[in-house]
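This report describes the sheet, the helix packing and the nonpolar cores of one protein model. The model is predicted.

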Amino acid sequence: MCSSDLHRPGTGPLSTSVLGEGEPSPIPKIRAQLPKLSASQLLPSTPCVQVKNKQEAFSPQLLEWCLQRPITVIRGLAQVCDMDLSLYTTKSLVESHPNHPLEIRTQLEQSSEENWDPALHQQVWYCTSSRSHTTISKYAEYLSTSLKEAKDKLGDDFSVNPKLELKTDPESGLPLRKTIKFGTNCDLSDEKKWKPQIQELMKLPCWLRVVSAGNMLSHIGHQILGMNTIQLYMKVPRSRTPGHQENNNFAAVNINIGPGDSEWFGVPDEYWGPLQELCVKNNVDYLHGSWWPKMEDLLEAEIPCYRFMQRPGELVWVNTGCVHWVQASGWCNNVAWNTGPLTYRQFTAAIHRYEWNKTQRYQSIVAMVFLTWNMARNIRVTDTNLYNAMKRTMLQSIKQTVLMQMFEIGRAHV
């Protein structure tokens, strides 16, 4: 190959795209490009599976079911796999490592139907959430105080999923909402410190595990905190995780430890474009920002949304690219991580988000080219479509390397 074949490298910009030759950068679909939906399709019933025994838990049919739906609640899985979820309770965590760091998000206590601006003047999409840090034991004290206050106040009416009293200031007419602290992003990656918690999750079927040969993210060769390691969330009622897609559109697993419930909202991945349009319209950044969608806005824009409760012991499977946001209904802990099923859909969704992130000047968390080469080295790929997609990515990366070398040689001779 000579430089004349490539029209003198260096005379124009070198493409960094790993998509196929001539394939444009991915652009999200607008609502008009997607099918019309009926009223019932805008609020679809949530896919739910009750697992009765280990045979069902480890059956390939369960994986296939989950791969065909945007989001799924799996009930009974922890029980039939004999998992000890008490390892993830606040009591166990405090006894294990009381001084382990924990990120705090200070938020407004409000119902999942509302999202007020900081001055409580109007409802907005921007989700106010300031960050600080503490330890597990200090947050446990806050949790304990919160529980005791609720029990003293409610007496016999106390519930681990307490109803929120929506009060209004009689003088100003503005809503009264107190602030709460959400314990988030507690890193359980250290195998020496958290060995029992990490090993317990190996009881799950392999496609749900944090580490598995069939999980793309296990082939990256290094830890990506919260993705191929476990993260824990400690919540008081109304703690919320704002709207997002997982990093590079990877799938996710989330187990509610309890004792309270978590309320989930999920939008199928093909509707992330219209959702992004609404973010722009409401002055929030889809990728970088913190946002909480208003349900009436979604209905008006004809964006379908799953809505459901995750009870203690239930596992939520968030499929490739599903947009979701979550609010605690009660006091509860959750453990979560990402996984990458070895499918053509997952790989291309990750690559497309990798390319779209570049257009948004957003650093992808997963180094997709590096991951693809590692997968090719470690795995025998039998899916023809996945094989060809990986091959295309690797060829593009070789081409870029050659072009950059030729560009540098050309510069040296100028």
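Axes here are lines fitted to C-alpha atoms, for helices over the stretch in contact, and angles run from 0 to 180 degrees between N-to-C directions. On that basis, helix α10 (residues 344-359) and helix α11 (residues 368-378) have axes that come within 10 Å and cross at roughly 150°. Angles over 145 degrees count as roughly antiparallel, so α10 is roughly antiparallel to α11. The residues that make this contact are listed below by helix.

| Helix | Range | Contact residues |
|---|---|---|
| α10 | residues 344-359 | Phe347, Ala350, Ile351, Tyr354 |
| α11 | residues 368-378 | Met368, Val369, Thr372, Met375 |

By class, the contact of α10 with α11 has seven nonpolar residues, one polar residue and no charged residues.

The sheet is considered next. Nine strands form an open sheet with mixed pairing, in the order β1-β2-β13-β10-β15-β8-β7-β3-β4. At its edges stand β1 (48-50) and β4 (130-135); each has a single partner strand, so one side of each is left without a neighbour in the sheet. On average, neighbouring strands of this sheet are turned by 25° against each other, direction ignored. Within the sheet, β10 (residues 251-259) and β13 (residues 315-318) run antiparallel and are joined by four bridges. In this pair, Ala252 stands opposite Val318 of β13.

The largest nonpolar core has 44 residues, and those that touch the most other members are Leu77, Leu201, Leu204, Ile255, Leu315, Trp317 and Trp337. Beyond its neighbours within four places in sequence, Leu77 is in contact with Val51, Ala57, Leu62, Leu204, Pro205, Leu208 and Leu315. A second, separate core has 24 residues, including Cys127, Tyr271, Leu287 and Trp325.

Notes. Residues numbered from 1 in each chain as written. Predicted model: local features only at pLDDT ≥ 70, side-chain atom pairs only at ≥ 80, totals over all residues. Heavy atoms only, no water. Core = buried A, V, L, I, M, F, W, Y, C linked by side-chain atoms within 4.5 Å. Buried < 20%, exposed > 50% of the residue type's maximum accessible area, 1.4 Å probe, protein only. Contact = heavy atoms within 4.5 Å. Pairing = 2+ DSSP bridges. Helix = DSSP H or I, 4+ residues; strand = E, 2+ residues; numbered from the N terminus. Parallel < 35°, antiparallel > 145°, perpendicular 65-115°, else oblique. Nonpolar A, V, L, I, M, F, W, Y, C, P; charged D, E, K, R; others polar.
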